[in-house]
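This briefing goes through one protein chain by topic. Please look over the sequence and the structure below before reading on.

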Amino acid sequence: MTTQCATRRHVPDLPELHRAYETNYMALMKLLPSTDEGGARLYNVAQSLQFAVRILENTRYTTLLEICQHNDELPDFLRSHMQVRLYHDARMAEVCVSQQISRLLPSYDYPNPAMHQRDEKEQCNHFLAEWLRFCLAHGYSAQALVY
């Protein structure tokens, strides 16, 4: 006998997800590098912890950002890395790429070959919200990066 939860698809909580998108947008607008800085900025959060925000693509209605954690004490695969698309007309920010996931789907069947969680996209957006709150609360300096 099979159980329903093994076959039931994840249905995203859209109002909660939209709140996360809007919160992330407002936080990222505070951290967004200006175009005269070359489109990238490095933020110091702790003694050996930094993160970089870099503009990859900038159009009239959207901006694609790359957010990377810099920490010499951690190997690359443990450092956070994501791409976030800002939708300026809707005032929302959505995580599009996270770690080794090149395109986040709204939901995943579980189990799946890559072992993504059913709500992987929601978790990535909530992680971004927590990370941005931490960075805004504890960041103590910022500088432009040259790429």
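Helices and strands here are DSSP runs, numbered from the N terminus; a helix has at least four residues and a strand at least two. Counted in this way, Arg91 lies in the loop between strand 4 and strand 5. The model is a predicted one.

**Overall layout**

- The protein chain contains three helices and six strands.
- Along the sequence, these elements follow the pattern α-α-β-β-β-β-β-α-β.
- The protein chain has 147 residues, of which 41% count as buried.
- Of the contacts between residues at least 6 apart in sequence, 48% join residues at least 24 apart.

**Helix 3**

- Helix 3 covers residues 120-138, which makes 19 residues. At 1.5 Å a residue the helix should span 27 Å, and its end C-alpha atoms are 27 Å apart, so the two values agree.
- The buried residues of helix 3 include Cys124, Asn125, Leu128, Ala129, Leu132 and Cys135.
- An α-helix has 3.6 residues a turn, so residues three or four places apart point the same way.
- Which elements do the buried residues of helix 3 pack against? They pack against helix 2 (14-31), and also against strand 1 (40-46), strand 2 (49-58), strand 3 (62-70), strand 4 (81-87) and strand 5 (92-98).

**Helix 2 against helix 3**

- The axes of helix 2 and helix 3 come within 9 Å and cross at roughly 35°.
- The crossing of helix 2 and helix 3 is left-handed.
- On the helix 2 side, the residues that meet helix 3 include Leu17, Ala20, Tyr21, Asn24 and Leu28.
- Asn24 is a residue of helix 2. Is Asn24 buried or exposed? Asn24 is buried, because its relative accessible area is 1% and buried means under 20%.
- Leaving aside neighbours within four places in sequence, Asn24 is in contact with Asn125, Leu128, Ala129 and Leu132, and also with Ala93.

**The largest nonpolar core**

- The largest nonpolar core has 23 residues. Leu28, Phe51, Ile67, Val84 and Leu128 are those with the most contacts inside it.
- At least two residues of this core come from each of helix 2, strand 1, strand 2, strand 3, strand 4, strand 5 and helix 3.
- Helix 3 gives the most to this core, with five residues.
- Phe51, leaving aside neighbours within four places in sequence, is in contact with residues that include Leu31, Tyr43, Val45, Ile67, Trp131 and Cys135.

**Thr63 in strand 3**

- Thr63 is located in strand 3.
- Thr63 has a relative accessible area of 3% and is therefore buried.
- The side chains of Thr63 and Asn58 are joined by a polar contact of 2.9 Å.
- Not counting residues up to four places away in sequence, Thr63 touches Ile55, Glu57, Asn58, Val84, Arg85, Leu86 and His88.

- Most residues other than glycine have a negative phi.
- What is the phi of Arg91? Phi of Arg91 is near 55°, a positive value in a residue other than glycine.
- Arg91 has a relative accessible area of 44%, so Arg91 counts as partly exposed. The class of partly exposed residues lies between the cut-offs of 20% for buried and 50% for exposed.

Technical notes. Residues are numbered from 1 along each chain as its sequence is written. This is a predicted model: local features need pLDDT of at least 70, side-chain atom pairs count only at pLDDT 80 or more; totals for chains, interfaces and linings use all residues. Side-chain values use heavy atoms; hydrogens and water are left out. The expected span of a helix is 1.5 Å times one less than its number of residues. Buried means under 20% relative accessible area, exposed over 50%, partly exposed in between (1.4 Å probe, protein chains only). Contact means heavy atoms within 4.5 Å. A nonpolar core is a set of buried Ala, Val, Leu, Ile, Met, Phe, Trp, Tyr and Cys residues joined through side-chain atoms within 4.5 Å. A polar contact is a pair of N or O atoms within 3.5 Å; within protein, one must be able to donate a hydrogen and the other to accept it, and residues adjacent in sequence count only if both atoms are side-chain atoms. Axes are lines fitted to C-alpha atoms, for helices over the stretch in contact, and angles run from 0 to 180 degrees between N-to-C directions. A crossing is left-handed if the near helix is turned anticlockwise from the far one by less than a right angle, and right-handed if clockwise.
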